[in-house]
Amino acid sequence: FCYHRGGWWGSTFHSNMDVPLLYADLLRSIHDERVMEISFDPYSGTKEITQNETEDGLVVGVPPEAAKAVMKYIWKEGRDRDEGCVDIMLMLNAEHGPSWAKRGKRLMKEGTGGVSKEERFLRLVLKMNPKSHEGWKYKAWLSRFNMAEATAEHFEADVELSLLCCERHPRNYYAWVHLLELFKNSRHATDERRLAMMKQMRDWVAARPSDHSALSFNASVFASLTCTADIKGQCLADEREALATLMNRRTGHEATWGHLRWVTSCKWSEPYDASPQSSLQFGLKQLIASVPDPTDSVLIKSEKTLEHTWASRFCSWVFRNCPPHLLTSPHTDPNLVRSIESHLEA
């Protein structure tokens, strides 16, 4: 739901609703420690706030009509000065910057003792509004405010929340940026934890091969590693092997071909694996496999044509950007280079 100058889209004040009671129920749910999530529930078939018990805790459902009525009640009755009203305002409209500013000022007066309560409220808001710009901006401020006191449990909870929001809202720029800041700046982000996260991202990309954000995240986390060259080299090898396995199974995705370029260029710039032999072999394999057959269906021809395009561009990129002495080194088969050149000319 989005508030604009004309009011709430499609809002109709339902006179048969007990709006003050809805207001009180929603506020009680926000402050109830047993509640793990609050979400819009358009399929409940009721105009009342519902609660469902799960293994993790209570999940509260808010019907759209109830949300509209409560927001209209807040604006009409002038209750926006009430602290509880600020909580409801942000739960239903997380882009309300002045309400976040009020909570921030209140927290600064309380000190770090109120951070855990604030973290819980923010998790509820972001689960309901996973791509809220103002919500993630406040989350970044809260992380800086509590940086000295943050524990490993805080760190892992933030990672879990960021990944949940990325999963609920694909291409969630704000959640990915926050996750990256955690792994670049937090004292709990050790090299061991970063390597484990990169492995987790490889599994993530296996199910979402078009996710540029996850692949870019891995590249940025790799740049933050401070371990030895041998460990970095093995990490790149694992990254390339996972890419090759994925690209053999799920073809025609620009994101994976772009990430393969990054892996290949890293191998050139460091003493991990200077020869482009393995990259060229993979490129040639994809070039040959993606040549359309006259008996292929229109759909398969289209997929192969797209894959052939990306493979051709990758091989051309290798020839343009690989240092000349590596292309002519004893570790690079000249017959392989000539074979790729002939395929590109064709």
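A: Asp18 is placed in the loop between strand E2 (7-8) and helix H1 (19-31). Helices (H or I, at least four residues) and strands (E, at least two) are DSSP runs, numbered from the N terminus.

Q: What kind of model is this, and how are residues numbered?
A: It is a predicted model, in which local features need pLDDT of at least 70 and side-chain atom pairs count only at pLDDT 80 or more, while totals for chains, interfaces and linings use all residues. Residues are numbered from 1 along each chain as its sequence is written, and side-chain values use heavy atoms, with hydrogens and water left out.

Q: How many residues separate Asp18 and Ala66 in sequence, and how far apart are they in space?
A: They are 48 residues apart in sequence, and their C-alpha atoms are 9.5 Å apart.

Q: Which residues of H2 are buried?
A: In H2 the buried residues are Pro64, Ala66, Ala67, Lys68, Ala69, Val70, Met71, Tyr73 and Ile74. Helix H2 (residues 64-77) has 14 residues and reaches 20 Å from its first C-alpha to its last, close to the 20 Å expected at 1.5 Å a residue. The expected span is 1.5 Å times one less than the number of residues.

Q: On to the strands. Which way does E3 run relative to E5, parallel or antiparallel?
A: Strand E3 (residues 35-40) and E5 run parallel and are joined by five bridges. Two strands pair if DSSP finds at least two bridges between them. Glu37 has Val59 of E5 as its bridge partner.

Q: And how many bridges link E4 to E5?
A: Strand E4 (residues 50-53) pairs with E5 in the antiparallel sense over four bridges, and Glu53 stands opposite Leu58 in E5. The hairpin of E4 and E5 has four residues between the strands, and Gly57 there takes a positive phi near 150°.

Q: Why is E5 described as largely enclosed?
A: Four of the five residues of strand E5 (residues 58-62) are buried, so the rest of the structure largely encloses this strand.

Q: Which residues touch the most other members of the largest nonpolar core?
A: Of its 95 residues, these are Ile38, Ile88, Leu179, Phe183 and Phe217. A nonpolar core is a set of buried Ala, Val, Leu, Ile, Met, Phe, Trp, Tyr and Cys residues joined through side-chain atoms within 4.5 Å.

Q: What does Phe183 touch?
A: Leaving out residues up to four places away in sequence, Phe183 touches Phe155, Val159, Ala189, Arg193, Arg194, Met197, Phe217 and Val221. Contact means heavy atoms within 4.5 Å.

Q: Where is Asn129?
A: Asn129 is in the loop between helix H5 (115-128) and H6. The residue is buried, with a relative accessible area of 16%. Apart from neighbours within four places in sequence, Asn129 is in contact with Leu90, Met91 and Ala94.

Q: Finally, how many helices and strands does the protein chain have?
A: The chain has 16 helices and five strands. Of its 346 residues, 47% count as buried.

Notes:
Buried means under 20% relative accessible area, exposed over 50%, partly exposed in between (1.4 Å probe, protein chains only).
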